[in-house]
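Open your viewer and have the selection tool ready. We will take this one stop at a time.

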Amino acid sequence: MDASGFTRLLKDKALSLGFDACGAAPAGALLREDAYLRQWLAAGNHAGLSYLERNVEKRSDVRLLVAGARSVFMLLLSYKPPVVQPAAVPQVACYAYGEDYHDAIRRKLNVLVDTVRAHYPHAQVRGFVDSAPVFEKAWAARAGLGWIGKNNLLVSPVFGSFVFLATLITSVELVYDEPLKNRCGRCARCMAACPTGALEAPRRLNAGKCISYQTKEHKGDITVPTCGYIFGCDLCQLHCPWNRAAPAHTHAELMPQPEILSYTAAGWLSLDEAQFDVIFARSPLQRVGLNKIQENVRKFLQV
Ligand code: SF4
Ligand code: SF4
């Protein structure tokens, strides 16, 4: 099969598995992103997230991650929910409403990796969902899926920024998509909406000031106002006009857990570890654990 035929086959397979969009870009070094990351790290914007300091070379050139890589095939899955929490209850970022996306996406991605192997048994191919140092947003932009907005997220013209990204890197040559023009224009609503000033400049996030970092990664007392959130933060995305126009997702595994939609502060605080592990067994909330969530709920009650 030629590159064009196999690219079509891979894209059709991705869409049939439930991915909302996909695109391909030629593998290579990302020199601009490499320089930006090094400067961003040197300025301490990563708030001590040490995994970002590791493997910078590999992150900047996927050919160091997958020997002989020729193509980066990017996949997008929307998580804009069909229903949101009432405003008065402790807020959870909507990416965490349903099943942990790592698991939901991994199942689909493994099928695509197997598809490549079935057609090219000697090819190199690996799939990643936040599991390796990859500039996912930059690759998604190169693969024509959107642009990187001032909120520092990938913005799709169809699905907005409430999207998960996954990466398949292979030595197989594909037909490549054209990058899209950045369509933020003069809009800066995301920056104006950020209550902590974490978006210090277009595309420049100070992680230490971000509610999402503080409610999930930060050890010790939270140092910023959390504005109703106990896990993550969606405020900059909620103000993006591209998200208003985006359709709600239809992925069964990402549908909101009823407990997340309905729990009040008292509901969260009444949970013990055993109950939490049963009710949220497949949830991204497991990644921070009940203690941190209840600390955040107590902070929510102080405001
Ligand atoms: S997630 Fe929240 S705190 Fe972080 S940049 Fe966006 S609005 Fe600001
Ligand atoms: S809110 Fe405006 S500036 Fe921010 S990402 Fe969306 S379009 Fe771009």
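Which residue just after α1 takes a positive phi? Select glycine 18: its phi is about 115°. Keep in mind, as you look around, that this is a predicted model.

**Helix α1**

Now step back to α1 itself, residues 3-17. Its 15 residues should span 21 Å at 1.5 Å a residue, and the end C-alpha atoms are 21 Å apart, so expectation and model agree. Next, highlight Thr7, Leu10, Lys11 and Ala14, the buried residues to look at in this helix. Because they cover an arc of only 95° around the axis, they sit on the same side of α1. Show their surroundings and you will find what the buried residues pack against: β1 (21-26), β2 (71-78) and α4 (101-119). Turn to the other side of α1 for Gly5, Asp12 and Ser16, which are exposed.

**Ligand 1**

Move on to ligand 1 and select the residues around it: Ala193, Cys194, Thr196, Ala198, Leu199, Leu205, Cys210, Ile211, Ser212, Cys233, Leu235 and Cys236. The elements giving two or more residues to this shell are α7 (211-216) and α8 (235-238). Colour the shell by residue type and you get 10 nonpolar, 2 polar and no charged residues.

**The whole chain**

Finally, zoom out. The protein chain has 13 helices and 10 strands, and its C-alpha atoms fill a box of roughly 60 × 40 × 35 Å along the principal axes. For 303 residues, a compact globule would have a radius of gyration near 19 Å; the chain has 20 Å, which agrees. Colour by burial, and 42% of the residues count as buried.

Note on methods: Residues numbered from 1 in each chain as written. Chains lettered and ligands numbered in written order. Predicted model: local features only at pLDDT ≥ 70, side-chain atom pairs only at ≥ 80, totals over all residues. Near = placed C-beta within 6 Å. Helix = DSSP H or I, 4+ residues; strand = E, 2+ residues; numbered from the N terminus. Nonpolar A, V, L, I, M, F, W, Y, C, P; charged D, E, K, R; others polar. Expected span 1.5 Å × (residues − 1). Buried ≥ 20, exposed ≤ 12 C-beta atoms within 10 Å, placed from the backbone. Arc of directions from axis to C-beta. Contact = placed C-beta atoms within 7 Å. Rg over C-alpha atoms; globule rule 2.2 N^0.38 Å.
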